[in-house]
Amino acid sequence: YLAHTAPHPPLQGEEDGDDAVDLRLASRKQKSHKHRELKFVQPGKWQEIAERKREKAAQLEESGFLSGRKAGHSIQSTQMGTEEATTYGPSLGSGSTESILPPRWDAHTDTTMPLTLEWWDVELLPSKLKKQVARAEAAALSQQSKAALTQNLKEPPGESNKMEDSKPPVKGEQVDDESGDALSKLRESCFDNCALFHCKTADLIQHIVPIESIAKQDAPQPVLHLTKAELKRRRKLRRQNKQRELQDLQAAGLIPAPEPRLTLQNFIKVLGDQAFLDPSKHEQKVVAQIQARQEAHLQRNQEKKLTKEQRAAKVDSKLQSQVDSAVAKAQVHVALFFVKNASHPYHRAKLDLNARQWKITGGVLECPAVSTCCVIAEGSSQAISKYIRLLTVRMNWTTGPDGGEIEDDVGEGKEGDVESAVRHKFDPTNRCELVWQGMVTKRNYNHFSFQAGETPDQCRKILKQKGQAIYWDQVMQISGNIDSSLGLKLAYSDDDDEEEE
């Protein structure tokens, strides 16, 4: 069991007595990578490489080298070793009249590759035009390959290196009229029908939304709110400056000085001795001056008086500004009413006209099956306060507008005869109650309208679409058609009085 303590024979390369170091376990040091030195390109290096390539191309030219990229489309010679330009594709003689696609107007002068549309724009074409473009280019390539094969077969074997007679068609050379017209029509249709929605990958690209530069935006002007005392002092200084300017102009003689402002109390002090010479005459002048001032005052007021249309527009703009401020502050006031019967034209007209005048949105949801109407009104605080007073105080729901006895309201029919007339009666048991009043963050209606439902469930679904199903539940609870399933106790409930009894 002590075999592991026995001394082992020395290894090769290990001295006797040095048994504490094992070279096999020696750790390998990681070689540090040296930074590569910058090596600058020597002048003339690329020129030498280009010359070698030209020499190699010239040797291949002399040996009659032929190669093809694909079947039916061969490249006769690169001609890199000659002074002539490189020609891609078959070389057609000047007398060839085959109908091929001419190169693009901005294409390179050395190529005759047919190009109807750029390859990256083909994806913007509909499928039918894609097929037409592919057929046109395929026909042109096949014609070029056939012409090249025919010309190669006709040339003698010893003169294959002579390319003087085979020159590329001159740029802008005319082709057949029919093929040219067809090509121009094809290109025009491609340019007209290019659209982004034809591309299948357009939806996958996220375009950056342009943001207006902050430098172009006008800096908001600071608003300075003044107190009443500051506004009064500012007005006083403005009037003093205006009066001082008038006095300076009068002193310079540019404008005449105004007449002294005479009254019955101060004309003796202003006129002095002249008033004692003929006081009756001067008193008449003072009275005439007072009347002239009063007439001028009334004339100015009449000129500043607004017309009926202007007053209506001013009130309308004021109400609209109140509603806009309430919406902007997310403080839209809402009032919910219960009305037993709102079928009478008088009541409907009152509800609709006042809502339109005070810019109130909402509506009336009627359910004749259970004799319940839900009135929803939303708007500014002033408008909702007036509307609440209208429905709960001003309007008489059981009698006519005069507050007298119940009378029939007869309306003429379509033909004006008495038989087709429609009679409306006021309901003596009709009533209106305010169910709830509060605020919401936004308006749920765009205008004030009337709507009817056959059953309570249908009415509840109508309000549920607006997220206001609780409104109908509260109205039904007030009407007494359902019990309070939520256990809510109203302020006017008589349950407490009954329990005490």
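Modeller: Happy to. Lys-130 lies in helix H2, which covers residues 127-154; helices (H or I, at least four residues) and strands (E, at least two) are DSSP runs numbered from the N terminus. Please keep in mind that this is a predicted model, in which local features need pLDDT of at least 70 and side-chain atom pairs count only at pLDDT 80 or more, while totals for chains, interfaces and linings use all residues. Residues are numbered from 1 along each chain as its sequence is written, and side-chain values use heavy atoms, with hydrogens and water left out.

Back to your lysine. With a relative accessible area of 26%, Lys-130 is partly exposed, a class between buried (under 20%) and exposed (over 50%), using a 1.4 Å probe and protein chains only. Leaving aside residues up to four places away in sequence, Lys-130 touches Val-122, Glu-123 and Leu-125; a contact means heavy atoms within 4.5 Å. Cys-190 is 60 residues from Lys-130 in sequence, yet their C-alpha atoms are 8.9 Å apart in space.

Now for the whole chain. It has 13 helices and nine strands, and 22% of its 501 residues are buried. Of the contacts between residues at least 6 apart in sequence, 68% join residues at least 24 apart. The accessible surface comes to about 39,100 Å², with 53% of it belonging to carbon and sulfur atoms; the areas come from the Shrake-Rupley method with a 1.4 Å probe, and for residues only the protein chains shown count as cover.

Two helix pairs are worth a visit. Helix H9 (residues 345-357) packs with helix H10 (residues 381-394) at an angle of about 165°, their axes being 11 Å apart. Axes are lines fitted to C-alpha atoms, for helices over the stretch in contact, and angles run from 0 to 180 degrees between N-to-C directions. From H9, Lys-350, Leu-351, Asn-354 and Ala-355 meet Tyr-387, Leu-390 and Leu-391 of H10. By class, the residues of this contact are five nonpolar, one polar and one charged; Ala, Val, Leu, Ile, Met, Phe, Trp, Tyr, Cys and Pro count as nonpolar, Asp, Glu, Lys and Arg as charged, and the others, Gly among them, as polar.

The other pair is helix H11 (residues 456-464) with helix H12 (residues 469-479), packed at about 145° with axes 7 Å apart. H11 brings Pro-456, Cys-459, Arg-460, Leu-463 and Lys-464, and H12 brings Ala-469, Tyr-471, Trp-472, Asp-473 and Met-476. That contact has seven nonpolar, no polar and three charged residues.

Finally, two loop residues. Lys-359 sits in the loop between H9 and strand E4 (361-367), and its phi is near 55°, a positive value in a residue other than glycine. Ser-371, in the loop between E4 and strand E5 (372-379), also has a positive phi, near 55°. Lys-359 is partly exposed at 22% relative accessible area, and Ser-371 is partly exposed at 38%.
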